[in-house]
Amino acid sequence: ENPDDLILDFEVNSSTAYVVSTLITAKVSESIISGGASGASAEDLLNSDHVAFAPELGSPIVDLDLDETNSRIYMATANGLYVGSTSTASGKFLADGTEATAVAGTLGYSIKRAVSSQRGSYVAFITKRGDDPDLLSLINVATSGIQTYRTLEGLPGEDIQSLVWLDDSVLAIGGNRGLVAVDVAAVF
């Protein structure tokens, strides 16, 4: 992402949209998306039950991923990867009585992008450290095991540009020097 971008990420599920911008990170209900609250001012909408703001994590959220199968949301920040339980209630970002927690082993790392596999068995995320080449980390959610990969270990370049899960265990990784697919189940 370019630091001048206003919208950094946008995720949609059946009834809400999650927006990550340089100004706010919020969950917006379907009634606003479909224009049902179009007569209200922006200030009224932002203070209504139609919008829920992300929790303060000590660092702005730069990317998020919904694991709808397991009702989880992953939030990438410049200070680590966080996970929380999604809420189905309008006006709530996380489920009642829950908080976002740091994913073990990620605190202090600048997370550039995070994606969970189709059934939520694995999470892949890209870590950026200054001018160093990108690192790809894979997490087995069931065991909390982490594997990290660099260019020397098969990443397609120093700049990882995209991550796409082809199914629950095969991850396609696009970099500045090509494309590779990894069977993550074989890694763990």
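Of the 188 residues in the protein, 43% are buried, where buried means under 20% relative accessible area, exposed over 50% and partly exposed in between, with a 1.4 Å probe and protein chains only. The model is a predicted one, in which local features need pLDDT of at least 70 and side-chain atom pairs count only at pLDDT 80 or more, while totals for chains, interfaces and linings use all residues. Residues are numbered from 1 along each chain as its sequence is written, and side-chain values use heavy atoms, with hydrogens and water left out.

The protein exposes about 9600 Å², and carbon and sulfur atoms supply 50% of that area; accessible areas come from the Shrake-Rupley method with a 1.4 Å probe, and for residues only the protein chains shown count as cover. Turning to contacts (heavy atoms within 4.5 Å), 39% of those between residues at least 6 apart in sequence join residues at least 24 apart.

Three helices and 15 strands are found in the protein. Both kinds of element are DSSP runs numbered from the N terminus, helices being H or I with at least four residues and strands E with at least two. Two strands pair if DSSP finds at least two bridges between them.

Strands β1 (residues 7-12) and β2 (residues 16-21) run antiparallel and are joined by five bridges. Within this pair, Asp9 has Val20 in β2 as its bridge partner.

Further along, four strands make up an open sheet in the order β9-β10-β11-β12, with antiparallel pairing. Because β9 (111-116) and β12 (145-149) stand at the edges with a single partner strand each, one side of each is left without a neighbour in the sheet. From one strand to the next, the twist averages 20°; axes are lines fitted to C-alpha atoms, for helices over the stretch in contact, and angles run from 0 to 180 degrees between N-to-C directions. Inside this sheet, β10 (residues 122-127) and β11 (residues 135-140) run antiparallel, joined by six bridges, and Thr127 stands opposite Leu135 in β11.

Another open sheet has three strands in the order β13-β14-β15, again with antiparallel pairing. Here β13 (160-165) and β15 (178-183) are the edge strands, each with a single partner strand, so one side of each lacks a neighbour in the sheet. The twist averages 20° from one strand to the next. Six bridges connect β14 (residues 170-175) to β15 in an antiparallel arrangement, and Ala172 has Ala181 in β15 as its bridge partner.
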